[in-house]
Amino acid sequence: MNRLFMFLYLSGYSGRVMPRQVRRLIAGTEFHRAWLLGSMGFFEQDGIKFGPANPYGITGPERA
């Protein structure tokens with residue numbers, strides 16, 4: 001099952017577009033979530049999650 005999730009994630013990450021009918025069929029499932037996270041660019045490295053809200057470790061203004 002993990003291999004299928006990884007395949008769907010990488011398909012989304014590489015920019016493959018899933019047909020609308022297929023997306024509607026699998027909407028709300030873990031399969032759709034894996035593809036969606038890949039297409040939005042979310043990933044985790046060394047326990048740190050990266051994505052649109054936290055791009056590549058940029059944390060914001062530093063506090064003194």
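Tutor: We start with burial: a residue is called buried when its relative accessible area is under 20%, exposed when it is over 50%, and partly exposed in between. Please keep in mind that this is a predicted model.

Student: Then is Y9 buried or exposed?

Tutor: Y9 has a relative accessibility of 17%, so Y9 counts as buried. Y13 comes out at 45% and therefore counts as partly exposed.

Student: Where do Y9 and Y13 lie?

Tutor: Both are in helix α1, four residues apart, which is about one turn of the helix.

Student: How do I read a pair of aromatic rings?

Tutor: The general idea is to take the distance of the centres and the angle of the planes. In this structure there are two aromatic pairs. One of them joins F5 and F31: the ring centres are 5.4 Å apart and the planes meet at 40°, so this pair is tilted.

Student: What kind of pair do Y9 and Y13 form?

Tutor: Y9 and Y13 form a stacked pair, with 5.9 Å from centre to centre and 20° between the planes.

Student: What does the side chain of S11 reach?

Tutor: The side chain of S11 reaches the backbone oxygen of F7 at 2.8 Å. S11 is found in helix α1, and its relative accessibility of 8% makes it buried. Leaving aside residues up to four places away in sequence, S11 touches R16 and W35.

Student: Now for pockets. How is empty space found?

Tutor: A probe the size of a water molecule is rolled over the atoms, and this shows where empty space is left. Here, the largest pocket has a volume of about 300 Å³.

Student: Which elements give two or more residues to the lining of the largest pocket?

Tutor: They are α1 (2–13), α3 (30–40), β1 (43–45) and β2 (48–50). α3 gives the most, with four residues.

Student: How do the residues of that lining divide by type?

Tutor: The lining of the largest pocket has eight nonpolar and four charged residues, and no polar ones.

Conventions:
Residues numbered from 1 in each chain as written. Predicted model: local features only at pLDDT ≥ 70, side-chain atom pairs only at ≥ 80, totals over all residues. Heavy atoms only, no water. 1 Å grid on protein atoms, 1.4 Å probe; cavity = no way out; pocket = protein on both sides within 12 Å on 5 of 7 lines; lining within 4 Å. Points joined across faces, edges and corners; volume = space filled by probe spheres on them. Nonpolar A, V, L, I, M, F, W, Y, C, P; charged D, E, K, R; others polar. Buried < 20%, exposed > 50% of the residue type's maximum accessible area, 1.4 Å probe, protein only. Polar contact = N/O pair within 3.5 Å; in protein donor to acceptor, adjacent residues only side chain to side chain. Contact = heavy atoms within 4.5 Å. Phe/Tyr/Trp six-rings, centres within 6.5 Å; stacked < 30°, edge-to-face > 60°.
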